[in-house]
Amino acid sequence: MNPPGQELDLHGFRPADLPEVVEEYLRVAVESGWADVRIVHGRGRQVLARSVHALLSRHPDVEGFSLATEAWGGAGATWVRLRPGKKALGPGDACRITPP
C-alpha cells in the first residue's frame, strides 16, 4: 500500500477535470519530494488511462510511467516516476483536490 497521499484515485472526477487534477497532484508530489506515485484510473475501456498517459507523456516533472503490476491495480492504475523535487511544501500548501 502506498503511503497516504502518494496515490491519486480519479474515480469520481469528470474527464474534463483531469488536466487540472493531475497537474495539481503532480505539483504537490514533486514539491513533497516523492520519487513515485500511483494514479488509479480504473480498467473500463481505458479512456481515462489514455488521457492520463497523454498528460504524463508531456509533463516536465515526469521521468517515466507504466501500468501497474496486477498486485497494484494492473491496467486500472499507472505508476509514475517523478524527477527530483524543486522545493519542499510549506505550511498551508496542502493538495486540495477532491471530487465534485
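The exercises below concern a predicted model, and they go from the sheet to single residues.

**Exercise 1.** Determine the order in which the four strands form the open sheet, and state which strands stand at the edges.

*Solution.* Begin with the order, which is S1-S2-S4-S3, with mixed pairing. Strand S1 (7–9) and strand S3 (62–67) each have a single partner strand and therefore stand at the edges, one side of each being left without a neighbour in the sheet. On average, neighbouring strands of this sheet are turned by 20 degrees against each other, direction ignored. Next, look at S1 and S2, which run parallel and are joined by three bridges; Asp-9 has Val-40 in S2 as its bridge partner.

**Exercise 2.** Describe how helices H1 and H2 are placed against the strands.

*Solution.* Take helix H1 (residues 18–31), which packs on the sheet and touches S1, S2, S3 and S4, its direction making about 165 degrees with that of S1. Then turn to H2, which lies across S2, S3 and S4 and runs at about 160 degrees to S3.

**Exercise 3.** Decide whether Thr-78 is buried or exposed, and find the side chain with which Thr-78 makes a polar contact.

*Solution.* First locate Thr-78 in strand S4 (residues 77–82). Its relative accessibility is 0%, and because buried means under 20%, Thr-78 counts as buried. The side chains of Thr-78 and His-41 are joined by a polar contact of 2.7 Å.

**Exercise 4.** Locate Gln-46 and identify the backbone oxygen that its side chain reaches.

*Solution.* Gln-46 is placed in the loop between strand S2 (36–40) and helix H2 (47–57), and its side chain reaches the backbone oxygen of Ala-75 at 3.1 Å.

Key:
Residues are numbered from 1 along each chain as its sequence is written. This is a predicted model: local features need pLDDT of at least 70, side-chain atom pairs count only at pLDDT 80 or more; totals for chains, interfaces and linings use all residues. Side-chain values use heavy atoms; hydrogens and water are left out. Helices (H or I, at least four residues) and strands (E, at least two) are DSSP runs, numbered from the N terminus. Buried means under 20% relative accessible area, exposed over 50%, partly exposed in between (1.4 Å probe, protein chains only). A polar contact is a pair of N or O atoms within 3.5 Å; within protein, one must be able to donate a hydrogen and the other to accept it, and residues adjacent in sequence count only if both atoms are side-chain atoms. Two strands pair if DSSP finds at least two bridges between them. Axes are lines fitted to C-alpha atoms, for helices over the stretch in contact, and angles run from 0 to 180 degrees between N-to-C directions. Contact means heavy atoms within 4.5 Å.
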